[in-house]
Amino acid sequence: MTTSTDFVEAYLRSAPATDDLDRLCTSPSGLDGDGILAAIADPRLEPVVLDALSDLMHPKDSFYFDAIYGGFHGQQAIRNWLIPTMA
């Protein structure tokens, strides 16, 4: 199993230089729920945390619900809402 520290270090080595709204990450992170929470809380990830959070979403079966904007299905729909809106 991947640790949150391993994930963050690998992510920072491979993170895109700019927001890529067309990016689709299909490789599982290897993190469990606690690992995901620890990874997104890691201060080293702060500059790219929205990208990382999007990459952690399942490509097709993820669902993100915002109380104002409604629901978004799939990693790309979530990324295309999350990054521009929350940046």
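**Close-up views of a predicted model**

The lining of the largest pocket divides into 8 nonpolar, 6 polar and 3 charged residues. The model behind every view here is predicted.

**View 1. The largest pocket and its lining.** The volume of this pocket is about 260 Å³. In total, 17 residues line the pocket, and those closest to its centre are Cys25, Ser27, Pro28, Ser29 and Asp55. Helix H1, residues 4–14, gives the largest share of the lining, with 4 residues. Rolling a probe the size of a water molecule over the atoms shows where empty space is left.

**View 2. Aspartate 55 in helix H3.** Helix H3 covers residues 49–55, and aspartate 55 belongs to it. Aspartate 55 counts as buried because its relative accessibility is 7%, and buried means under 20%. Aspartate 55 is also among the residues closest to the centre of the largest pocket.

**View 3. Contacts of aspartate 55.** Neighbours within four places in sequence are left aside here. Aspartate 55 is then in contact with Tyr11, Arg23, Cys25, Gln75 and Arg79.

**View 4. The hairpin of S1 and S2.** Strand S1 spans residues 63–66, and strand S2 spans residues 70–73. The two strands run antiparallel, joined by 4 bridges. Between them lie 3 residues, and together S1 and S2 form a hairpin.

**View 5. Phenylalanine 65 and its opposite residue.** Across from phenylalanine 65 stands glycine 71, in S2. In a regular strand the side chains alternate between the two faces of the sheet.

How values were computed. Residues numbered from 1 in each chain as written. Predicted model: local features only at pLDDT ≥ 70, side-chain atom pairs only at ≥ 80, totals over all residues. Heavy atoms only, no water. Buried < 20%, exposed > 50% of the residue type's maximum accessible area, 1.4 Å probe, protein only. Contact = heavy atoms within 4.5 Å. 1 Å grid on protein atoms, 1.4 Å probe; cavity = no way out; pocket = protein on both sides within 12 Å on 5 of 7 lines; lining within 4 Å. Points joined across faces, edges and corners; volume = space filled by probe spheres on them. Nonpolar A, V, L, I, M, F, W, Y, C, P; charged D, E, K, R; others polar. Pairing = 2+ DSSP bridges.
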